[in-house]
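I set out to record what I looked up in this structure, residue by residue and then across the chains.

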Amino acid sequence: MATRPTSDQIHVMRSQLGRVRGLGPAKSGAHHWKVERITALALVPLSVWFVFAILTHLGAPQPAVAAWAGSPLNAALLLALVIMTFHHMQLGLQVVWEDYIHHARRREALILATRAACLLLGLIAAVAIIKIAALAH
Amino acid sequence: MVGKSTDGRMVQRPLSPHLGIYGWPPTMVASILNRATGIALSVGALLLVWWLVAAASGPAAYADMEGFVRSPLGLLMLLGWTASLFYHLFGGIRHLAWDMGYLFAKPSLNPVTYLILALTAAATALVWLAAYLQIEG
């Protein structure tokens, strides 16, 4: 009579490393978590710099603001701020939807819509910065 | 709640505690605030895009943007954005410390939460005082 295999008799034709990679409930490992932290780390100095920049340009006329934002260094920092902000925002909002939206298709649709909106808003901001930098003299 | 005892009599049973039983431990407040300020900052990111697009578009568009920011609703949004930014910044730094294994000891949890709230209030007040002096002074 054949005995049912116990768990230690089940042979998986796959290395332990292969089983770890790409498995787990998230199916994607720690990438999301890691990128959320890396963008957060970048945003610490960038957002402090941005608050100071805003403070020194309160009530300034548009040409003065554009001249400031158009310098290569400031334009690059603004681009970094925008890219990191919208990347971090998309990752953060995704976790909010994953926690509270229990209807699977609705959740996936919302995550996709969030990514699309963040990408589009980030691109609009980036084009604006590049235009300011291109027109600055 | 009405239930049945083992001999079949109807008896009053206590209800298990629901959400109302919980107080507001500082760590819970801190966690909820981190997510809430993240969502608020996502709304605030729209202001950032508007500011950049207005600066790229010219003096008229920039004046429209400034007009909104100086309106009661605009000022309220800006105040919320400032406070949310500082809370999310300080709370985020604590999250990064947690990820590296620091500040997890139970005695430090509540004091650090109070410190984050105090730093948020102080930084927000300082920025708005600086802004007031910049505009009026």
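I began with A:I83, which counts as partly exposed because it has 16 C-beta neighbours inside 10 Å. The scale I used calls a residue buried if 20 or more other C-beta atoms lie within 10 Å of its own, exposed if 12 or fewer, and partly exposed in between, with C-beta atoms placed from the backbone. I noted that the model is predicted: local features need pLDDT of at least 70, side-chain atom pairs count only at pLDDT 80 or more, and totals for chains, interfaces and linings use all residues. Residues are numbered from 1 along each chain as its sequence is written, and chains are lettered from A and ligands numbered from 1 in the order in which they are written.

I placed A:I83 in helix α4 of chain A (helices are DSSP runs of H or I, at least four residues, numbered from the N terminus). Between the C-alpha atoms of A:I83 and A:L121 I found 9.9 Å, with 38 residues separating them along the chain.

A:A66 is buried, since 22 other C-beta atoms lie within 10 Å. Beyond its neighbours within four places in sequence, A:A66 is in contact with A:I132, A:A136 and B:A55 (contact: C-beta atoms, placed from the backbone, within 7 Å). From A:A66 to A:D99, 33 residues apart in sequence, the C-alpha to C-alpha distance is 41 Å.

Last, I looked up the chain pair: 27 residues of chain A are in contact with 25 residues of chain B. On the chain A side, α2 (31-56), α3 (62-69), α4 (72-100) and α5 (104-135) are the elements that give two or more residues.

Key: Contact = placed C-beta atoms within 7 Å.
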